[in-house]
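Hi there,

Here is the structure I promised to send over. Please have a look at it first, and then read on for my notes on what turned up.

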Amino acid sequence: MSVFAHPDFDDHEQVVFCHDKASGLKAIIAIHDTRLGPALGGCRMYPYASDDDALRDVLRLSRGMTYKSALAELPLGGGKAVIIGDPHGGKSDALFHAMGDFVDSLGGRYVTAADSGTSVPEMQLMAQRTRHVSGATPREALDGGMRNGDPSPSTAYGVFLGLREAVRHRLGRDDLSGVRVAIQGVGHVGFDLAQQLTAAGAQLWVTDVYGPNVQRAVDELGASAVRPQDIYGLDVEVFAPCAMGGILNADTLEALRAPVVAGAANNQLATPEIAVELQRRNCLYAPDYAINAGGIIDVCYERTGGSPAQIRAHVERIAPTLALIFERAAAEGLPTSVIADRLARERLRGPVHA
């Protein structure tokens, strides 16, 4: 299938297929829109079942990054990279050096960062070959002290605030004490979110395809472990997807019982029609690129400069943005995803400021 005819092609500016025989690298970089600035988006590593699955993911993710940055009022465009491979056994210095070379060849039109399956060590390897990488150097943490360049704490903080706003809007509760939350995926962001929810008094059920992640949440946070296939049907107030995208589909929707969906995963809806069905079921969906913008805000300030206090203040704008989306959706009788898209397009056409 031609890229231009692909159902997820959305007037992308550039799609680059990257192959390095020596290292075994197979990757795709998609630049969706650079009207507001360079296309910044993470580099994901995942063992995709097919090249088409990887292409579909990178096209959808890069479009989401355009809308995410616009909605967060950042001077950035949208892009994404995916590496086809096993993040637990397929990494090498040579592979990420090669990926850095491909990023560098784009001359700054695309700036990469950590994502699912990659973290600071991989960004440091890529930074040896290109300056167009974020999250590779130590920085001051939001709550003081020092941290590595991983932006996931900011992502998790924004998701926590957004989840709390969704609970307030849908359930009429101003606190999370006793609220039952099912978290799908307890990696970097999911575990950090779980820590914040635990501190707020929430009860947690967790799952992850990587067993040690689940065990850590059980041991350190007292969470209850469930099988991956059982996470959707739990009798909880909040379902928090924090793993891969496309998990809200016709099959999982039949099992879903939570009245709130609020999590860190990108592209949670398998199709736009799922949003309509969620609305029909009175399930409040926090649009993914609105709630999980904390990470892109963090790396934007790494590039432009800014204090931890400024980053925190900008991340905290996620909650009122979601409140606006929820209110407009309720007033107009439209899915929250439709309102979020509309608001992102409004901001994409207007001035932005970090």
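Let me start with serine 119: leaving aside neighbours within four places in sequence, serine 119 is in contact with Ala114 and His188, where contact means heavy atoms within 4.5 Å. Serine 119 is found in the loop between strand S5 (110-114) and helix H3 (120-127). Helices (H or I, at least four residues) and strands (E, at least two) are DSSP runs, numbered from the N terminus. With a relative accessible area of 17%, serine 119 is buried; that word stands for under 20% relative accessible area, exposed for over 50%, and partly exposed for what lies in between (1.4 Å probe, protein chains only).

Before going further, a word on provenance: this is a predicted model, so local features need pLDDT of at least 70 and side-chain atom pairs count only at pLDDT 80 or more, while totals for chains, interfaces and linings use all residues. Residues are numbered from 1 along each chain as its sequence is written, and side-chain values use heavy atoms, with hydrogens and water left out.

Next, the backbone. Most residues other than glycine have a negative phi. Asparagine 267, not a glycine, has a positive phi of about 50 degrees. Asparagine 267 lies in the loop between strand S12 (260-261) and helix H8 (273-280), and at 13% relative accessibility it counts as buried. Asparagine 282 is a residue other than glycine with a positive phi too, near 60 degrees. Its place is the loop between H8 and strand S13 (284-285), and at 47% relative accessibility asparagine 282 counts as partly exposed.

Now the rings. How many aromatic pairs does a search of the whole structure find? There are 4, taking rings of Phe, Tyr and Trp (its six-membered ring) as paired if their centres lie within 6.5 Å, with planes under 30 degrees apart called stacked, over 60 edge-to-face and the rest tilted. One of the pairs is phenylalanine 4 with phenylalanine 9, edge-to-face at 5.4 Å centre to centre and 80 degrees between the planes. Phenylalanine 4 is exposed, with a relative accessible area of 67%, whereas phenylalanine 9 counts as buried at 18% relative accessibility. Tyrosine 67 and tyrosine 289 also form an edge-to-face pair, with 5.7 Å centre to centre and 80 degrees between the planes. This pair links distant parts of the chain, since tyrosine 67 is in helix H1 (residues 51-71) and tyrosine 289 in helix H9 (residues 288-291), 222 residues apart. Tyrosine 67 is buried, with a relative accessible area of 7%, and tyrosine 289 counts as buried at 7% relative accessibility.

Tyrosine 67 comes up again with a charge: the charged end of arginine 63 sits over its ring, 4.4 Å from the centre. The criterion is NZ of Lys or CZ of Arg within 6 Å of the ring centre and within 35 degrees of the ring normal. Elsewhere, arginine 312 lies over the face of tyrosine 157, at 4.7 Å from the ring centre.

Finally, the salt bridges. A search of the whole structure finds 26 of them, each a side-chain nitrogen of Lys or Arg within 4 Å of a carboxyl oxygen of Asp or Glu.

- Arginine 168 bridges to aspartate 174, with the closest N and O atoms 3.2 Å apart. Arginine 168 is partly exposed at 32% relative accessibility, and aspartate 174 is exposed, with a relative accessible area of 59%.
- Arginine 281 and glutamate 254 form a salt bridge whose closest N and O atoms are 3.0 Å apart. Arginine 281 lies in the loop between H8 and S13 and glutamate 254 in helix H7 (residues 250-255), so the two tie together parts that are 27 residues apart in sequence.
- Glutamate 346 pairs with arginine 328, the closest N and O atoms being 3.6 Å apart.
- Arg44, Asp57, Lys80 and Asp115 are linked in a network of salt bridges.
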